[in-house]
Amino acid sequence: MNRFVLSFILTLSTLASPARAVSEADLLPVDQAYPVSIEAVSADSVRIRWGVAEGYYLYKHRTGISSDSPEVTLEPLQLPPGKPYRDEFFGDVETYRKELVTTVRFNAPAGTHHVLLRLQYQGCADIGICYPPQNKRLRIPLNTAAAADGKALLGLNGAASDAALPEEEAFNIEAIVGDAGSLLLKLTPAEGYYLYRDKIAFSTPQDAIAAPGKAKLPEAVWYPDPEFGTVPVYFEPAEITLPLQRKSTQAGPLQLTVDYQGCKENGICYPPMKKTLSLELPTGGTVSDAGAVEPDAPKVLLQWLPALLLALLGGLILNLMPCVLPVLSFKAMALAKANTPGHARSHALWYTAGVMSSFAILGIGVLALRSAGQALGWGFQLQQPIIVGGLALLMFGIGLMMSGLFNWGSGFAGMGQSLTEKSGPTGDFFTGVLAVVVASPCTAPFMGSALAFAFTAHWVLALSVFLALGLGLALPFLLIGFLPRLAGRLPKPGAWMDTLKHWLAYPMYLTAVWLAWVFGNQKGVNGLALLLIAATALTAALWWFERQKMAPSLRAKVIALLLGVMAAASFGLALQQAQPGAAISTQGKNYEAYSTQRLAELRAQGTPVFVDMTADWCITCKVNEKAVLHTDAFTQLLKDTGTVYLVGDWTNQDPDISAYLDQYDTPGVPLYVVYPEGAGDGKKLPQLLTHGIMRDALAQ
């Protein structure tokens, strides 16, 4: 992911080549790019193999294996040598192509029947996109009776001597009506049996009052099945939430057919099975366009046009967000210097090109990765410390330039008018790129529903929404550039511009401080200290660069180069610092850390719950915390209503939180959900909170 985001930023900023669009056809699903297979080779070791598709590779330093069985300990992992590779962002690394095979040895108590392992790995495609870090849970059966001859059998048909259970006893299926818009199902395999996750499907008759939506399946374990290879299965009960697409709000019966298939461990596999359940739906729910046969073009158009309008409005609002204002102040300086209509139009057009291109590439990248099975949200690039730290240094460097420490353009003064004109459009274009990169964490309320539509619509419609966001962000400068009356209201250039430029440096410094704080939460205090050392070395390098222009010499250039290397080395060391873990502690003043298990426990007890999904780089989140969520009044409201407050931290990439955001069709943070006392679905709250909104939500 680091490589994808930085690649497009560097490409746009240097104008080295046109941006290459990435479609979902360019990227394999991660399990096809890196298929995993396992086999036991003895009573205390297993062999794990990653296949690597042509045009893809795995990182050695991002590959790890840990035990998910408390009683089982692993010996240190011995990975084979990889191919040396100079990665532009990880540095000198080793990679694997075609395949990676390793043997894992473990110590397990006598009588252990299976081992649970957790795999971590990450890889990239040669087209320039990297997958997020992967986590895969494996269940490895051990046949200790066969280990005497040095071999352990894995899931062989006919290996078990006892007869298989009838299918209705081997696999129990239950369902209840959760509310008017969803069903709750529980699929329970008998001891020693398992169900295939990918074979579970739901259907209803064509004339039924509701159709099944996309089921929310729990995490499965990957198992070396003798029929299908290493596949995701359920040995434990699988509790599934099945949304319903109502065709009618009237009460009535519903016949739900469940398709499934399973096996007996080390025994026979059953053929595909069906079970039809009779349920009674209550009155209520919302008639869904998706449930009413096929959505036609007019209905899609009715959804698309409001999404475009909201995206355009959301882009306009982004111009007022604190994370974007420093970049816009930098752009305002360029417009103030544009003393002719032609120059103003040129600034506006190149800035707009940078904004629109960046929104398009960000949108295409996110949609392509999500279509490949990755749970990503808007603002994902600021989950990468290399992006956050790089932006902090960039903002700091721009501030130094505006403060007059150095003048990047003065060295080009004697190279001719043509080069001067060329540097203008490049700077305008890069300003647009920078505005998009820092704008995404400021997810305004108007952007939420538009982005939610974009993440689920056809890719052409989705891309148009991202472009509408870009047009909204660039629109004020387009208007100034093309409307002479507005351009005429801009003040004339003069000596006042130097003073203004010096004052505008301070928003840049404050933005750098904010980004450094986020970086510190991601990489710890040692990482923050190294980032500050990098900033100090950068200051010295820029100062010396400016000073040696007066008397250039080889010695002066070497000193400037060494200072730049020191800055880069310090930043590189900062990125190598171990992450300190989640910024959200186990217990806070009035909250607990979110986990899927904790939420399930509280819901099972019927306790009202307020879930807050946040991130350190989310400006809207911090405003809500300061104004509402971290106040004494809200703490008292929690006590009065008996509500438990759970906080999930998405500062770094977290698959559980990403899946929770997907559950509520939310592209990014903040996300606020209130669960009522007793049973019932969660209610999604607005992204901007007030005490009144929270009082009403918790009182209900």
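What follows is a short chat about a predicted model of one protein chain.

Q: How many helices and strands are in the protein chain?
A: The predicted model has 18 helices and 27 strands in the protein chain.

Q: And what share of the residues is buried?
A: Of the 700 residues in the protein chain, 49% are buried.

Q: What about contacts in the chain, say between residues at least 6 apart in sequence?
A: Of those contacts, 75% join residues at least 24 apart.

Q: Now the inside. Which residues have the most contacts inside the largest nonpolar core?
A: Val611, Met613, Tyr660 and Val669. The largest nonpolar core has 52 residues.

Q: Which helix gives the most to this core?
A: Helix α12, residues 496–547. Helix α12 contributes 15 residues to the core.

Q: Back to Val611. What does Val611 touch, leaving out residues up to four places away in sequence?
A: Val611 touches Tyr594, Leu599, Leu646, Tyr660, Leu671, Tyr672, Val673 and Tyr675. Tyr660 is also among the residues with the most contacts inside the core.

Q: What lies apart from that core?
A: Another core, of 32 residues. Its members include Tyr34, Ile38, Val46 and Leu138.

Q: Change of topic. How many disulfides does the structure hold?
A: One.

Q: Which cysteines does the disulfide join?
A: Cys263 and Cys269, with S to S at 2.0 Å.

Q: Right-handed or left-handed link?
A: The link of Cys263 and Cys269 is right-handed, with 105 degrees about the S-S bond.

Q: Is Cys263 buried or exposed?
A: Cys263 is buried, because its relative accessible area is 0%.

Q: And what about Cys269?
A: Cys269 has a relative accessible area of 22%, so Cys269 counts as partly exposed. The cut-off for buried is under 20%.

Q: Let's go to the surface. Which residues form a nonpolar patch there?
A: Leu554, Val558 and Leu562 form one. Together they have about 310 Å² of accessible area.

Q: Where does Leu554 lie?
A: Leu554 is in helix α13, which covers residues 554–575.

Q: Why does Leu554 count as exposed?
A: Because its relative accessibility is 68%, and exposed means over 50%.

Notes:
Residues are numbered from 1 along each chain as its sequence is written. This is a predicted model: local features need pLDDT of at least 70, side-chain atom pairs count only at pLDDT 80 or more; totals for chains, interfaces and linings use all residues. Side-chain values use heavy atoms; hydrogens and water are left out. Patches are made of residues with over 30% relative accessible area and no salt bridge: like charges are joined within 9 Å, nonpolar side chains (Val, Leu, Ile, Met, Phe, Trp, Tyr) within 5 Å. Accessible areas come from the Shrake-Rupley method with a 1.4 Å probe; for residues, only the protein chains shown count as cover. A salt bridge is a side-chain nitrogen of Lys or Arg within 4 Å of a carboxyl oxygen of Asp or Glu. Helices (H or I, at least four residues) and strands (E, at least two) are DSSP runs, numbered from the N terminus. Buried means under 20% relative accessible area, exposed over 50%, partly exposed in between (1.4 Å probe, protein chains only). A disulfide is a pair of cysteine sulfur atoms within 2.5 Å. A nonpolar core is a set of buried Ala, Val, Leu, Ile, Met, Phe, Trp, Tyr and Cys residues joined through side-chain atoms within 4.5 Å. Contact means heavy atoms within 4.5 Å.
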